[in-house]
Amino acid sequence: MLPFLDRKFGNPSSIHAPGREARAAIDDARERLATLLGAKPHEVIFTSGGTEANNLTCLGLARGRAARGKHLISAKTEHHAVFNAIEHLEKREGFEVTWLDVSPGGLLDLNQLANTIRHDTTLVSIMQANNETGVIQAMGEISEICRVCGVLLHSDMVQSFGKIRTILSLTDAASFAAHKFYGPKGAGFLFLRSGISIEPIQFGGAHENQRRAGTENVAAITGMAAAAEFVERDREQEQARQGELRDQLWHEISKQIESSVQNGDAHHRLANTLNVSLPALDSETMLMALDLEGICASSGSACMVGSVVASHVLLAMGLPLPLARSAVRFSLGKYTTKEEISATAGIVSEIVQRTNAKRGEKTVAI
């Protein structure tokens with residue numbers, strides 16, 4: 001990325017030498033990503049990230065096929081970049097949406113999907129792996145159902161790329177984000193199968209074959225291609241290692257905190273993701289306590305107007321509200337060590353014990 005952040009400032013749409021140099025870098029990145037994914041270069045559309053890629057797909061494909069039908073299908077556990085885009089079409093543009101249920105483990109009911117597709121269904125959007133629980137959907141079976149019914153299938157693959165094998169032949173469109181595989185933030189791309197038209201959602205130029213207007217972020221795009229190659233190089237070995245660390249973390253937490261609950265199907269899940277409910281305290285309190293100890297974790301909840309809102313994913317899985325509000329997500333990576341896992345489990349246990357002790361003191365005082 002450094003040359004394009006330091007010396008090579010050419011606009012890739014310009015015809016002068018610096019512009020041609022920038023265009024060559026983008027073309028090279030596009031070809032490298034296409035080769036890595038088994039796609040054609042023109043099937044790769046660069047975006048500002050996964051959110052834009054998801055929005056472009058859901059809005060662009062649905063609007064472009066509205067004359068054929070206005071029925072869409074998605075899951076209640078989708079990332080908000082898909083969920084909110086489709087919800088917008090439902091509430092503001094007259095589309096009808098079927099929101100699929102999931103099992104307590106987070107898996108779709110394939111029979112419900114098959115029975116929900118209608119003659120006016122134009123798009124199904126199902127994420128390959130959930131960003132909160134890591135639960136992996138049966139994309140092969142989902143793809144077959146859509147193919148038989150002649151319905152386009154989009155998959156949000158932002159969370160799964162670089163962690164499990166990416167099979168683009170199962171989809172008609174798929175979204176990706178660089179920062180999920182060690183690339184720069186603010187870069188992503190959309191795979192759109194050759195021959196499928198899409199309505200743009202922003203205007204101002206003929207960039208990306210008239211499908212996404214806006215000057216390309218040359219430095220971020222080159223970094224994204226390099227990062228994709230980097231993460232795919234040892235993907236299988238690395239995921240096996242991370243899976244062992246994830247299981248170690250859960251084993252140590254569950255051994256020390258009997259009330260802890262693991263969320264998400266244990267057999268169909270990304271190796272790097274552990275979602276745990278710790279009923280002793282709410283997730284925001286736990287995250288702040290972990291942060292003070294130098295541990296970076298996350299959750300599916302958000303603080304809105306001062307009140308904690310439980311994860312829509314966990315609620316869709318049927319978790320009771322107290323468990324959903326106490327969920328914490330631990331994400332592992334290429335540089336996570338066994339020592340860090342043991343230290344994290346110990347600190348989580350200490351925080352819970354400290355909280356319980358304080359509650360006991362308050363009870364005695366009362």
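Q: Which element gives the largest share of the lining of the second largest pocket?

A: A pocket is an open set of points on a 1 Å grid over the protein atoms alone, with protein on both sides within 12 Å along at least five of seven lines, and its lining residues have an atom within 4 Å of a point. In this structure the largest share of the lining of the second largest pocket, three residues, is given by helix 13, where helices (H or I, at least four residues) and strands (E, at least two) are DSSP runs numbered from the N terminus. The model is predicted, so that local features need pLDDT of at least 70 and side-chain atom pairs count only at pLDDT 80 or more, while totals for chains, interfaces and linings use all residues. Residues are numbered from 1 along each chain as its sequence is written, and side-chain values use heavy atoms, with hydrogens and water left out.

Q: How much space lies in the second largest pocket, and which residues line it?

A: A volume is the space filled by probe spheres set on grid points, which are joined across faces, edges and corners. The second largest pocket holds about 280 Å³ of space, and among the residues lining it are L249, F330, S331, E340 and T344. Two or more residues of this lining are given by strand 12 and by helix 13 (338–365).

Q: By class, what does the lining of the second largest pocket have?

A: Ala, Val, Leu, Ile, Met, Phe, Trp, Tyr, Cys and Pro count as nonpolar, Asp, Glu, Lys and Arg as charged, and the others, Gly among them, as polar. The lining of the second largest pocket has six nonpolar, four polar and one charged residues, whereas that of the largest pocket has eight nonpolar, eleven polar and seven charged residues.

Q: Where is the centre of the largest pocket, as told by the residues closest to it?

A: The largest pocket contains about 470 Å³ of space. Of its 26 lining residues, K180, Y182, N272, S331 and L332 are the closest to its centre. Helix 9 (235–256) and strand 12 (327–331) are the elements that give two or more residues to this lining, and helix 9 has the largest share with four residues.

Q: How many cavities of 30 Å³ or more does a search of the whole structure find?

A: A cavity is a set of points where a 1.4 Å probe fits but cannot get out. The search finds one of 30 Å³ or more, and the space in the largest cavity is about 80 Å³. It has 13 lining residues, of which T77, G106, M127, N130 and Q137 are the closest to its centre.

Q: At what angle do helix 2 and helix 8 pack?

A: Two packed helices are described by the angle between their axes and the distance between the axes. Helix 2 (residues 17–37) and helix 8 (residues 218–233) pack at an angle of about 25°, and their axes are 9 Å apart. Helix 2 is therefore roughly parallel to helix 8, a term for angles under 35 degrees.

Q: What is the angle for helix 3 and helix 4?

A: Helix 3 (residues 50–64) and helix 4 (residues 80–92) pack at about 30°, with their axes 9 Å apart, and these two helices are therefore roughly parallel to each other. Their contact, meaning heavy atoms within 4.5 Å, includes N54, C58 and R63 of helix 3 and V82, I86 and L89 of helix 4.

Notes: Axes are lines fitted to C-alpha atoms, for helices over the stretch in contact, and angles run from 0 to 180 degrees between N-to-C directions. Angles under 35 degrees count as roughly parallel, over 145 as roughly antiparallel, 65 to 115 as roughly perpendicular and the rest as oblique.
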